[in-house]
Structure formats: structure tokens, C-alpha cells
Amino acid sequence: MIVLTDGHNDLHTAKTAICVIRYRPEEVVAVLDRESAGKTCGQVMGVGGEIPVVASLADAPEANTLLVGIAPPGGKIPAHWRRIVLEAIARKLTVISGLHDFLNDDPEFSQAAAEYGVRLIDLRDNDEHDVSSGHGLREGCLRIHTVANDCSCGKMLVAVEVSEGLRRAGVDAAFVATGQTGIMVAGSGIAIDRVISDFVSGAAEKLVLANQHHEVIVVEGQGSLFHPRYSGVTLGMLHGLMPDGLIYCY
């Protein structure tokens, strides 16, 4: 895949790109950023080693997928990126996005995708409509959950590193993704911040039930314990997960 960050390489906005490059480097052939073209990911982002940064899609002809690599506030695609996405579709690349603005809801993108027979994948899209019951949780599975005093404090990173550390120590542990970047890293999960508020606890519980065959699950946190904008999703997750322990990130 080629990861699109064009003009957005700061640690917070480009956290999706950075985490995918950190944990799935074998799948990344290049990063598209015209401002840093000619450099390497290691030089620009501090991860990814010699993965090249290129100026155009044509500079990475082996890519079969374009990944939108940013997570800006509000989750909207930058206006000047539309041309790049349309070019990717015309080149018959699958386009993956974790933004709140869905590619499939955009008439121009969806029409182009239909014309070229291309898949548009919106990772935040879901149809969760279940409430939590509190039943069926396995006592033999230790549930650990990362929480924080604010957003973008490393909840996903800590969850991934703890689960990987446990596996290296011989523990049957799994990372459970609850956000778009985590889903890209893990290959599965539910973007909790896109779930209708009544069903957040049910979606969180569903993730536990699907993964509790492991000895330990480390569930990625979302939102903030204290921030009034985002604490609602955090509380809903706590109710659904009923964690045995919390890791506080700050």
C-alpha cells in the first residue's frame, strides 16, 4: 500500500500513518507527501526506516492500495486530497479511510469507484445496534483496558505494546482494536467512536465476547476520562468491557 499524508506529517495528525508504518511496515511500499519527497520514512517520521517518501502515485507503481493516513479533528478529508483519491481510483487502487466522512457517501468518489470497479473501504462504518447484557463473560480471561486524561495520549500504542510484550513472555494475549488506526494494525475491531451512543457498551461487550478465548485481552481505549467532549464514549466502553484492570495513559 501507499500511505497518504501529503502536508500532514506531525505526530498527532499523522498518527494513523505512523502506527501502520510502525506495526505493518511489510505492507507499506511508500508514503505520499510532496513536501518531503526524496526522503525516507525514518527521516520524516522516525519510523519505517528506508521506506521512501514520494511525490505522486506514479512513483509507487507496485502499490495496489491507497491508505488515508491521517486522523484530523472532525475526521474530514482535506480538499486538496480529492484529486489524489480520484487518481488512485482511476489507477484501480483500493482506497481505505478511517475518517468520519465516508468515501462511499461521497457522490464523486462512489461514482468513480463504480466506473473503475474499485473498492472504497470506510473503516469507521458499522451497523452496531446491540445493548450490553453483562452475561457470558469468561472468568478465565483477564480484561485490561487503556484509558487516559485526554485524546491522543497513546492508548492504542500502549495496548499494542503491552499485548506484544505479554506474548513475548509466553502469555496468550491479544490486542483488541476500537479505533480506525487500531483496526488497521490488528486487522479487525470496531470503531467505537462511530457507534450510536446507546450501543457503545454493547459494541464493547461484543469485542470481549469475540476475543475472550485468550488468556489476556488488552482493549484499546477511546476518548478521555475527563474531557467533556469525549468522556461519553469512554464511560460507555467501561460499562461494556467491565475490565479487570486499567492502564492510565497521560
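This is a predicted model: local features need pLDDT of at least 70, side-chain atom pairs count only at pLDDT 80 or more; totals for chains, interfaces and linings use all residues.
Q: How far does helix 5 reach from its first C-alpha to its last?
A: Helix 5 has 14 residues. At 1.5 Å a residue, the expected span is 20 Å, and the model comes close to it. The reach from first C-alpha to last is 20 Å.

Q: Within what arc do the buried residues of helix 5 fall, seen down its axis?
A: An α-helix has 3.6 residues a turn, so residues three or four places apart point the same way. In helix 5, the buried residues are K155, M156, A159, V160 and S163. They line one face of the helix, because seen down the axis they fall within an arc of 130°.

Q: Which helix and which strand do the buried residues of helix 4 pack against?
A: The buried residues of helix 4 (residues 107-116) are F109, A112 and A113. Seen down the axis, these fall within an arc of 100°, so they line one face of helix 4. The face turned away carries the exposed residues P107, Q111, A114 and E115. On the buried side, the packing partners are helix 3 (82-90) and strand 6 (120-122).

Q: How many residues apart in sequence are the parts that K76 and D101 tie together?
A: K76 and D101 form a salt bridge, with their closest N and O atoms 3.6 Å apart. K76 lies in the loop between strand 4 (65-68) and helix 3, while D101 lies in the loop between strand 5 (94-97) and helix 4, so the parts that this pair ties together are apart in sequence by 25 residues.

Q: Is E128, a salt-bridge partner of K206, buried or exposed?
A: The side chains of K206 and E128 meet at 2.8 Å, N to O. K206 lies in helix 7 (residues 200-211) and E128 in the loop between strand 6 and strand 7, so the pair ties together parts 78 residues apart in sequence. The cut-off for buried is under 20% relative accessible area. With a value of 12%, E128 is buried.

Q: About how much accessible area does the nonpolar surface patch with Y250 have?
A: Y250 sits in the segment after strand 10 (245-249). At 75% relative accessibility, Y250 counts as exposed. Together with L225, F226 and Y248, Y250 forms a nonpolar patch on the surface, with an accessible area of about 500 Å².

Key. Residues are numbered from 1 along each chain as its sequence is written. Side-chain values use heavy atoms; hydrogens and water are left out. Patches are made of residues with over 30% relative accessible area and no salt bridge: like charges are joined within 9 Å, nonpolar side chains (Val, Leu, Ile, Met, Phe, Trp, Tyr) within 5 Å. Accessible areas come from the Shrake-Rupley method with a 1.4 Å probe; for residues, only the protein chains shown count as cover. A salt bridge is a side-chain nitrogen of Lys or Arg within 4 Å of a carboxyl oxygen of Asp or Glu. Helices (H or I, at least four residues) and strands (E, at least two) are DSSP runs, numbered from the N terminus. Buried means under 20% relative accessible area, exposed over 50%, partly exposed in between (1.4 Å probe, protein chains only). The expected span of a helix is 1.5 Å times one less than its number of residues. The arc is that of the directions from the helix axis to the C-beta atoms. Contact means heavy atoms within 4.5 Å.
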